[in-house]
Amino acid sequence: MTTASPPPAVLGTQPKPAKRAQKRPQKRSWSGWLFIGPFMAVFALVFLAPIAYSIFLSFFRNQLVGGNGFVGLANYSQALQDPQFWSSLLRVTLFLAVQVPVMLLIALLVALALDSGRLYGKSFFRISIFLPYAVPAVVASLMWGFMYGTRFGLVGNINSALGISLPNPLSPELILASIGNIVTWEFIGYNMLIFYSALRVIPKSLYEAAEIDGASQFRLVTAIKLPAIRGALVVAGIFSVIGSFQLFNEPAILQSLAPNSISTFFTPNLYAYSLSFSGQQYNYSATVAIIMGVITMVIAYAVQLRGMRKES
Amino acid sequence: MKSKISPAVLRGSALALAAALALTACGGGGNDAGGAAPAEVSADDVQAALDKGGDLTVWAWEPTLEKVVEDFEAEHPNVNIDLVNAGTGNDQYTALQNAIAAGSGVPDVAQVEYYALPQFALAESVQDLSGYGAGDLQDTFSPGPWSSVQANEGIYGLPMDSGPMALFYNTEVFEKYGVEVPTTWEEYVEAARTLHEADPNVYIANDTGDAGFATSLIWQAGGQPYTVDGTDVKVNFSDEGSTRFAETWQQLLDEDLLAPISSWSDEWYQGLGTGTIATLATGAWMPGNFTSGVPAAAGKWRAAPLPQWEEGGTASAENGGSSLTIPAASEQGALAYAFLDYANVGDGVQTRIDGGAFPATSAALESEEFLNSEFEYFGGQKANEIFAESAQNVSEGWSYLPFQVYANSIFNDTVGQAYVSDTPLKDGLKSWQDASIKYGTEQGFTVSE
């Protein structure tokens, strides 16, 4: 972390401290604002204002009969007792607990393999593993959705070619795993790249020293590589936590293929979306989104704290 | 490095989330236009508006309107119409509702399906057309669509088309396995068994849970699960009609006789073409979709009257169909009404029939030319005779909820579970009922069972 240390405070002499104190901050603030002004304006417009507006909205309730009225925290207490909201949260938590470790572990293994220098055609592997990340999530979901089809899809083809009956990936029991598969496919390359670039900046001298000490490749990984990229691991972990809680594209696309497996409250974001766009419950939707935002922040922060504590 | 990135990530995520929800929240403004008396606009006013001319924005997805707009503009050179496809069904309603709430970008004319109309009427988002003289059109339209555009003692749209139901069937499949075309739902279940037994790849129909279809069949069975009187609403799926539907359809579900293919999917079009899906009970607007979507099966399909709940009965129901409305925020009411009148009562009707649409006016439904037209796709069958008869026999007394758009959106959450689990259809309907009641109550209605 870089810190901007103030210049040594030896500029002036004792007299006129009051004058300088008056003048300098003024000058500073004007020129400073000139530079950050554009950013602050956009920041306020596209970030702060929407948040403030959402919080404002969450204190009201607009009914089809009876119109708009201030309801205080009623939306929040409703959300906290809403079984649909909790079931959606539970679902993404389960998703987080299973999918994220699997994805990060595979990404890590791939990154280590690429970094080991023993892989033939390294850049080919790197690009082909990264490629799915370049496919838009909507397209990826559609593509996988077609493959999952038991009638005309790949699963159907396998079934009829081999005369077997694979379980339907779009059934209510398997749909979460099927979505996990899509997300893993999409994001392994992305996480691999984060890990790989962190591995590349490890000083060569450490490896040389380890070689002199007669360390094995495995020891190299556990003693040098993993500790060195812990920061990247934490970052990737936080990204994944946020991504899991924000799960939306994949279930939203697959919903048309498996309407009975993916409910309107499948994930918190999908729930907020349905509340808004089918139910016109904008206020309640804002409340759900705010609560989810807070929960996401808390959990991501917990992941970060844990990652840091291990290091120290 | 970590301590620097992570808070930024956190902030970014929270902000992105909030930004996303703020986007959705844009439609959150209040709508205070409730209870306005209908504007009195005479025929002269409408004519004056036509002579003066102006610009109209029309939101509709109905393809045959394109030609109607063209003709209208040719006839009235002063009028310039911008026909916009703002999405089909729910997508368009969302856009419309957002525009209404935002108070800008509201079109002058909007297509709204019958099932969604009560919702817009209740919120007074669309104008009561009685003031334009729409009340005189009672005998112009066939009874089903006409009753569909009325709510709260007002007339909130002019019927554009209608969807009296019929049974479309693949005659090749039925002939191949020597099965008679069912005339009752009991026979239908029987036919489903025979066909599926003869060829495990053949299903009588596809169904993954479709709110519009289920409510239409309940409608046909004489069920009245929804009773609406202003803001007093009753939802109850335990009446005889609903129970009948549930019991019959439960058999099809239990024996896996329905293809788990969603309508309008690629698989669906393939299934209709290859004979995997042997029948389709739906609205009379379907033929156009057959011609364009399933060209491979031309000549194989036929239309038949909808199977009956009582042997020898003639009851039917509507499935789909939409009206043209004038949003309350439009400042071009008179001119918009002139277009509505042209498209749905005047010359536009024939233009749309020629384009393959199914009309809602009695005159068109009874005309010899219409009844005698032969459908090449159905092997020269005069299918309109069947559809027109079905239109005459639509069961009376049906009404949709004033929040049907939402209710339909949660159909698969509730009733849909019967399609993928051991939940009986009856219980699914019960949870749909409960969820609808809960939503209605939250929205300020007085809802009871």
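Me: Axes are lines fitted to C-alpha atoms, for helices over the stretch in contact, and angles run from 0 to 180 degrees between N-to-C directions. On that basis, at roughly what angle do helix 3 and helix 10 of chain A cross?
Reply: This is a predicted model. In it, the axes of helix 3 (residues 83-115) and helix 10 (residues 230-245) of chain A cross at roughly 145 degrees and come within 9 Å.

Me: Is that crossing of helix 3 and helix 10 of chain A left-handed or right-handed?
Reply: Helix 3 of chain A and helix 10 of chain A make a right-handed crossing.

Me: Which residues meet there?
Reply: Helix 3 of chain A contributes Leu89(A), Val92(A), Thr93(A), Phe95(A), Leu96(A), Gln99(A), Val100(A), Met103(A), Leu104(A) and Leu108(A). They meet Leu233(A), Ala236(A), Gly237(A), Ser240(A), Val241(A), Ser244(A) and Phe245(A) in helix 10 of chain A. The residues of this contact divide into twelve nonpolar, five polar and no charged.

Me: What about chain A as a whole: how many helices and strands?
Reply: Chain A has 13 helices and two strands. It comprises 312 residues, of which 41% count as buried. Among its contacts with a separation of 6 or more, 66% join residues 24 or more positions apart.

Me: How many residues of helix 12 of chain A are buried?
Reply: Eight of the ten residues in helix 12 (residues 268-277) of chain A are buried, so that helix is mostly covered. The buried residues are Pro268(A), Leu270(A), Tyr271(A), Ala272(A), Ser274(A), Leu275(A), Ser276(A) and Phe277(A).

Me: Now Gly307(A). Where does it lie?
Reply: Gly307(A) lies in helix 13 of chain A, which spans residues 282-311.

Me: Buried or exposed?
Reply: Gly307(A) has a relative accessible area of 9%. Buried means under 20%, so Gly307(A) is buried. Beyond its neighbours within four places in sequence, Gly307(A) is in contact with Arg230(A) and Val234(A). Its C-alpha atom is separated by 29 Å from that of Asp213(A), 94 residues apart along the chain.

Me: And Leu64(A), where does that one lie?
Reply: Leu64(A) lies in the loop between strand 1 (60-63) and strand 2 (67-70) of chain A. Its relative accessibility is 19%, and Leu64(A) therefore counts as buried.

Me: What is Leu64(A) in contact with, leaving aside its neighbours within four places in sequence?
Reply: Leu64(A) is then in contact with Leu122(B), Pro402(B), Phe403(B), Tyr439(B), Gln443(B) and Phe445(B). As for distances within chain A, Leu64(A) and Gln281(A) are 217 residues apart in sequence and 9.6 Å apart in space, C-alpha to C-alpha.

Me: On to chain B. What is the strand order in the open sheet with antiparallel pairing?
Reply: That open sheet of three strands in chain B has the order 12-7-13. Strand 12 (279-283) and strand 13 (301-305) each have a single partner strand, so one side of each is left without a neighbour in the sheet. The twist averages 30 degrees from one strand to the next.

Me: Over how many bridges do strand 7 and strand 13 of chain B pair?
Reply: Strand 7 (residues 165-170) and strand 13 of chain B pair over five bridges, in the antiparallel sense. Within this pairing, Tyr169(B) stands opposite Arg302(B). Helix 17 (residues 383-392) of chain B packs on the sheet and touches strand 7 and strand 13, its direction making about 30 degrees with that of strand 13.

Me: What is the order in the sheet with mixed pairing?
Reply: The sheet with mixed pairing is an open sheet of three strands in chain B, in the order 9-10-15. Strand 9 (226-229) and strand 15 (446-448) of chain B stand at its edges. The average twist is 15 degrees from one strand to the next. Strand 10 (residues 232-235) pairs with strand 15 of chain B in the parallel sense over three bridges, and Val233(B) stands opposite Val447(B). Helix 21 (residues 425-442) of chain B packs on this sheet, touching strand 9, strand 10 and strand 15.

Me: Last one: why are helix 3 and helix 13 of chain B oblique to each other?
Reply: The axes of helix 3 (residues 65-75) and helix 13 (residues 333-344) of chain B cross at roughly 120 degrees. Angles over 145 count as roughly antiparallel and 65 to 115 as roughly perpendicular, and the two helices are therefore oblique. The crossing is right-handed.

Methods: Residues are numbered from 1 along each chain as its sequence is written. Chains are lettered from A and ligands numbered from 1 in the order in which they are written. This is a predicted model: local features need pLDDT of at least 70, side-chain atom pairs count only at pLDDT 80 or more; totals for chains, interfaces and linings use all residues. Side-chain values use heavy atoms; hydrogens and water are left out. Two strands pair if DSSP finds at least two bridges between them. Helices (H or I, at least four residues) and strands (E, at least two) are DSSP runs, numbered from the N terminus. Contact means heavy atoms within 4.5 Å. Angles under 35 degrees count as roughly parallel, over 145 as roughly antiparallel, 65 to 115 as roughly perpendicular and the rest as oblique. A crossing is left-handed if the near helix is turned anticlockwise from the far one by less than a right angle, and right-handed if clockwise. Buried means under 20% relative accessible area, exposed over 50%, partly exposed in between (1.4 Å probe, protein chains only). Ala, Val, Leu, Ile, Met, Phe, Trp, Tyr, Cys and Pro count as nonpolar, Asp, Glu, Lys and Arg as charged, and the others, Gly among them, as polar.
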